[in-house]
Amino acid sequence: MEKRVRLRFAPSPTGGLHMGGVRTALFSYLYAKKHGGDFVLRIEDTDQTRFVPGAEQYIIDSLKWCGIEPNEGVGFGDGPYAPYRQSERKEQGIYKKYADQLIAGGHAYYAFDTPEELDEMRKRLEAAKVVAPQYNAVTRQNMRNSLTLPEDEVKKLIESGVPHVVRLKVPRNEEIRFHDIIRGWVTVNSSQVDDKVLLKSDGMPTYHLAHIVDDIEMKITHAVRGEEWLPSAPSHILIYRYLGLEDQMPQLAHLPLILKPDGNGKLSKRDKSGLPMFPLNWHDPRDQTDYVGYKESGFMPEAFINMLALLGWNPGDNREIMSKQELIDSFSFERVNKSGAKFDPEKTKWFNQQYLRMQSDEQLADAVTPLLEAKGIKKDRAFVIEFCRLIKEKAHFVNEFYDLGPFFFVAPTSYDEKVIAKKWNESSKELFTKLAAKFEGLAVWDTHSLHDAFQEAQTEIGKLDMQLLRVLTTGAAGGPQLFDLLALLGKEETISRLKSALSKL
RNA sequence: GGCCCGUUCGUCUAGGGGUUAGGACACGUCCCUUUCACGGAUGAAACACGGGUUCGAUUCCCGUACGGGCUACCA
């Protein structure tokens with residue numbers, strides 16, 4: 001029988017969850033759902049010095065907004081493997097147990113070197129022109145650890161409470177080969193791998209030990225993470241192997257990085273491409289910086305995750321706009337790209353535009369009404385719905401509706417100068433005064449009657465420029481369907497605007 | 001520097017020993033439209049370079065270049 005598919009998203013609460021992390025969560029979620037498995041949220045809070053209050057809740061809120069909800073884990077209900085915070089799991093002695101097993105098997109050792117001593121070692125090695133200074137099979141022989149110190153002294157040091165760490169004993173020269181679902185086989189020589197710290201001097205495990213222990217204990221079948229983890233994967237293979245768990249280790253999938261839109265390099269939270277890097281507004285308590293979120297920028301979560309899914313993955317056909325269910329049905333790690341993808345703000349906006357157009361005018365009105373009210377604008381619902389119908393084709397975001405058509409709500413005070421300069425002439429004033437009179441005589445005020453009246457006026461009084469009528473009534477050179485707009489504005493308002501414009505020009 | 005990973009239009013990508021190298025975003029042109037858009041059509045635009053292997057390489061192999069990642073008692 002196949003093992004139940006279980007994937008976890010395991011962020012550390014050291015700050016806001018940025019979009020790269022969201023994508024990692026998304027891919028894991030899609031795969032889990034596709035195979036009817038579990039998606040788990042585990043909090044990797046083993047670094048007490050970098051703990052940021054609020055970060056954990058932010059991660060939970062972000063996943064909820066995106067619709068990437070774990071069915072197990074912190075904030076989503078404990079499952080059979082609780083607790084899901086590593087700091088709490090540490091209290092159960094779980095990591096130490098595995099570390100002790102490695103020590104007993106001769107694959108890990110105690111090291112008593114102080115930070116100063118380690119620093120000294122690196123400087124010494126650099127001075128000796130060693131290309132890659134590291135704590136390894138060669139250099140550990142000159143350091144203070146349970147491999148170099150007499151057994152009774154090691155015992156004495158530990159008993160007297162001298163701070164120490166536990167390090168992985170990496171062999172000097174051995175090929176380490178592992179398989180990645182996205183990248184295929186990767187081979188690294190152990191001489192390039194350092195003796196990673198497994199247990200820190202404060203008793204906390206490092207990521208390297210903790211994630212392995214938890215993935216095993218939580219029966220994780222696929223470990224998905226960013227490409228930046230690829231270089232440490234060989235260490236992890238060794239840990240599984242020395243623990244005798246190589247046959248139970250999850251399959252690895254290292255995702256390509258999301259790159260900056262301009263230039264090169266990894267997308268950072270401070271990127272200034274004009275689009276947010278975080279799903280929700282994030283206030284960083286460490287430096288009192290505020291970062292805007294996709295949500296607050298007017299993005300719909302469906303558009304956001306659709307865009308994210310297509311960054312480094314594709315369904316193998318030309319589909320781009322895909323619902324969450326379609327993403328789930330089509331997803332596979334085999335179709336994830338190996339190379340990094342530059343984040344494209346323009347395309348990202350386009351995704352939101354597509355989803356915007358799928359919304360009904362009523363739904364859009366629901367979203368726009370509070371934004372209008374915030375500006376002190378109160379209109380009846382029918383007006384707002386019609387406003388949405390007319391303006392939506394020009395917009396990428398709900399929150400730009402107002403700016404695309406302020407003339408729906410306020411009469412113009414200035415008139416597009418380019419259009420006036422080009423089209424306004426001596427006869428214009430008289431022609432449009434006559435048109436205003438014609439409009440005034442209309443018994444029915446709707447799109448059709450306005451259209452007909454405009455046509456009739458031309459045969460009666462002469463050629464009228466429609467864009468001029470637009471500028472006179474809205475002030476702007478462009479906008480939605482003019483007669484629809486004037487119909488919505490109403491007879492009184494339209495004529496008042498026309499007269500006002502004629503008096504100024 | 002060392003190690004690892006990568007490289008198809010400006011960007012996201014499909015494809016893969018023999019193709020007019022396909023799609024999308026953005027851009028240009030045209031059509032529709034007395035306004036503004038949407039829409040439709042269309043155009044320009046790519047296999048990093050050099051060696052192999054092969055009848056034939058963009059595709060497979062090796063180098064080079066370029067890009068990225070990692071190089072902590074951080075994840």
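**Exposure and backbone angles**

Analyst: Lysine 129 counts as exposed, because its relative accessibility is 73%; buried means under 20% relative accessible area, exposed over 50%, and partly exposed in between, with a 1.4 Å probe and protein chains only. This is a predicted model, in which local features need pLDDT of at least 70, side-chain atom pairs count only at pLDDT 80 or more, and totals for chains, interfaces and linings use all residues. Residues are numbered from 1 along each chain as its sequence is written, chains are lettered from A and ligands numbered from 1 in the order in which they are written, and side-chain values use heavy atoms, with hydrogens and water left out.

User: Where is the place of lysine 129, and what is its phi near?

Analyst: Most residues other than glycine have a negative phi, and most peptide bonds are trans. Lysine 129, although not a glycine, has a positive phi near 60 degrees. Its place is in the loop between α5 and α6 (151-159); helices (H or I, at least four residues) and strands (E, at least two) are DSSP runs numbered from the N terminus. Glutamine 288 also has a positive phi, of about 60 degrees, without being a glycine. This glutamine lies in the loop between β12 (282-284) and β13 (289-291) and, at 54% relative accessibility, counts as exposed.

User: Which peptide bond is cis?

Analyst: The bond from alanine 82 to proline 83 is cis, with omega near -5 degrees. Proline 83 has its place in the loop between β3 (72-73) and α3 (86-91).

User: How is chain A divided by the domain assignment?

Analyst: Domain bounds come from an automatic or database domain assignment. For chain A it gives domain 1 (1-77 + 256-358), domain 2 (94-199), domain 3 (359-404) and domain 4 (411-505). Between the C-alpha centres of domain 1 and domain 2 there are 35 Å.

User: Which residues of the largest nonpolar core touch the most other members?

Analyst: In soluble globular proteins, nonpolar side chains tend to be buried together. A nonpolar core is a set of buried Ala, Val, Leu, Ile, Met, Phe, Trp, Tyr and Cys residues joined through side-chain atoms within 4.5 Å. The largest one here has 64 residues, and Ile68, Phe304, Phe333 and Phe343 touch the most other members. Two or more residues each come from β1 (6-9), α1 (19-34), β2 (38-41), α2 (55-66), β10 (251-255), α9 (301-309) and α10 (324-330). The most, nine residues, are given by α1. Apart from this core lies another, of 54 residues, with Leu372, Cys388, Val398 and Leu435 among them.

User: Is phenylalanine 112 buried or exposed, and which residues is it in contact with?

Analyst: Phenylalanine 112 counts as buried because its relative accessibility is 2%. This residue lies in the loop between β4 (108-111) and α5 (115-127). Contact means heavy atoms within 4.5 Å. Leaving aside neighbours within four places in sequence, the partners of phenylalanine 112 include Arg144, Leu149, Val154, Ile158 and His164.

User: At what angle do the axes of α13 and α19 cross?

Analyst: Axes are lines fitted to C-alpha atoms, for helices over the stretch in contact, and angles run from 0 to 180 degrees between N-to-C directions. Angles under 35 degrees count as roughly parallel, over 145 as roughly antiparallel, 65 to 115 as roughly perpendicular and the rest as oblique. The axes of α13 (residues 381-391) and α19 (residues 482-489) come within 11 Å and cross at roughly 170 degrees. The two helices are therefore roughly antiparallel. Phe383, Glu386, Phe387, Arg389 and Leu390 of α13 meet Asp484, Leu485 and Leu488 of α19. By class, five of these residues are nonpolar, none polar and three charged; Ala, Val, Leu, Ile, Met, Phe, Trp, Tyr, Cys and Pro count as nonpolar, Asp, Glu, Lys and Arg as charged, and the others, Gly among them, as polar.

User: How do the axes of α16 and α18 cross?

Analyst: They come within 12 Å and cross at roughly 75 degrees, for α16 (residues 428-440) and α18 (residues 466-474). That makes α16 roughly perpendicular to α18. Ser428, Phe432, Leu435 and Phe439 of α16 make the contact with Leu468, Leu469 and Leu472 of α18. This contact has six nonpolar, one polar and no charged residues.

User: Where is the place of glutamate 440?

Analyst: Glutamate 440 is in helix α16 and is partly exposed, with a relative accessible area of 39%. Beyond neighbours within four places in sequence, glutamate 440 is in contact with Lys491, Ile495 and Lys499.
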